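Keep the selection tool at hand.

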Amino acid sequence: MTTRMTLLTDGLKNRAKLLSAGGMMALCLGTSAALVPLSVYAQNFESTQRQMLDSVVAVVNDGVIMRSELDDRIAQVEQQAQTQDGNLPPRSQLAQQVLERMVMDEIQLQMARQANLSVDDTELNRQLRSIAEANGMTLEQFADAVEADGMTLGDVREEIRREMLMRQVQQRQISQRVTVTDRDVERFLSQQPSQQGQAFIEEVRARHVLVELTPTRNEDQARARAEQARQRLQQGADFASVAREFSDDRGSAMNGGELGWVRPGQTVPAFEEAMGSLSTNQLSEPVRSQFGYHVIEVLERRRQDVTDESRREQVRQAIFQRRANEELQTWQREMREQAFVDIRL
């Protein structure tokens with residue numbers, strides 16, 4: 001898919017509050033502390049502290065994921081599903097799926113920190129406005145919508161920042177692994193219908209829901225979930241809401257499943273073939289690609305007038321994008337295998 005198929009929710013927890021509990025306890029004891037042996041306070045405090053301390057559910061290299069963070073993420077998923085009448089797998093299976101995604105995010109965010117990457121507030125605000133506009137909302141309306149889903153605009157803003165950091169990491173890594181030669185461009189053009197005397201290229205504006213296969217979601221389960229999303233859409237559910245609930249392509253999900261205008265060669269062959277067979281406003285059956293199962297809807301088609309030079313550049317970018325998306329899966333798998341990950345669920 002396009003890079004847009006690579007951009008919801010993680011609350012950042014302040015673990016220092018727990019660690020400062022002892023100091024606050026000492027300040028609150030006051031003069032009455034002299035009436036009770038200090039050993040009693042020590043025992044009571046140790047018991048209370050053991051109850052208050054968070055637990056680690058995963059060690060990821062030199063970082064950890066806490067039980068409170070996992071519980072928060074699961075609660076948000078459950079809240080969204082409840083609001084949108086969605087079905088979720090059993091709690092234990094859901095926890096494994098959510099934790100695996102958090103592990104992958106943590107690995108990439110660690111790489112971003114090591115590379116001293118950052119996101120400019122101006123660009124972050126621009127991205128937030130773009131997402132709101134893509135959903136046909138003002139920023140205020142978008143804030144109301146995410147709050148209805150059990151989040152806050154601050155939560156979404158922080159998640160967008162994390163997504164942008166991970167995208168920077170992905171772009172840096174993948175750009176070093178993918179090349180497109182002039183021969184590649186010529187080969188692609190030679191396979192297209194002759195356009196002598198013309199300078200047009202066909203574009204499709206589409207949106208989709210992607211259901212990935214995961215260690216805890218097999219082929220049949222992924223297809224069934226994609227079919228469930230398709231049935232919801234056939235029954236008249238809002239596409240943006242279904243995408244936010246079901247889609248594992250978090251980038252496009254935040255944009256209501258929108259992929260924008262797609263040109264030939266920008267998507268993987270299975271997706272492009274299915275998209276090409278659809279009429280405007282028609283939903284596809286679940287379509288299998290190396291990314292999982294897609295439910296696709298074509299919104300518009302158009303012919304763009306382009307010069308030969310710009311067409312070659314567009315082809316070059318399309319080939320690069322397709323190869324980059326394929327390479328991304330390989331890189332993420334390698335990154336996961338190379339990382340030290342200790343799951344403690």
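The stops below go from a hairpin to a helix and then to a sheet.

This is a predicted model, in which local features need pLDDT of at least 70 and side-chain atom pairs count only at pLDDT 80 or more, while totals for chains, interfaces and linings use all residues. Residues are numbered from 1 along each chain as its sequence is written, and side-chain values use heavy atoms, with hydrogens and water left out.

**Stop 1**

Select residues 56-60, which make up strand 1. Strands (E, at least two residues) and helices (H or I, at least four) are DSSP runs, numbered from the N terminus. Four of the five residues of strand 1 are buried, meaning under 20% relative accessible area, where exposed is over 50% and partly exposed is in between (1.4 Å probe, protein chains only).

Two strands count as paired if DSSP finds at least two bridges between them. Val56 has Met66 as its bridge partner. Two residues lie between the strands of this hairpin, and Asn61 takes a positive phi near 55 degrees there.

Next select residues 341-343, strand 7, which pairs with strand 1 in the antiparallel sense over three bridges. Here Ile343 is the bridge partner of Ala58.

**Stop 2: helix 5**

Select residues 91-114: helix 5 has 24 residues and reaches 34 Å from its first C-alpha to its last, close to the 34 Å expected at 1.5 Å a residue. That expected span is 1.5 Å times one less than the number of residues. Just after helix 5, look for Asn116, with a positive phi of about 60 degrees.

**Stop 3**

Which order do the strands of the open sheet follow? The four strands run 4-3-6-5, with antiparallel pairing. Strand 4 (258-262) and strand 5 (287-289) are at the edges with a single partner strand each, so one side of each has no neighbour in the sheet. From one strand to the next, the twist averages 40 degrees.

Strand 4 is still largely enclosed by the rest of the structure, because four of its five residues are buried. Four bridges join strand 4 to strand 3, and Arg205 has Trp261 as its bridge partner.

Arg288 has Tyr293 as its bridge partner.

Last, select residues 239-246: helix 11 packs on the sheet, touching strand 3 (200-211) and strand 6. Contact means heavy atoms within 4.5 Å. The direction of helix 11 makes about 55 degrees with that of strand 3; axes are lines fitted to C-alpha atoms, for helices over the stretch in contact, and angles run from 0 to 180 degrees between N-to-C directions.
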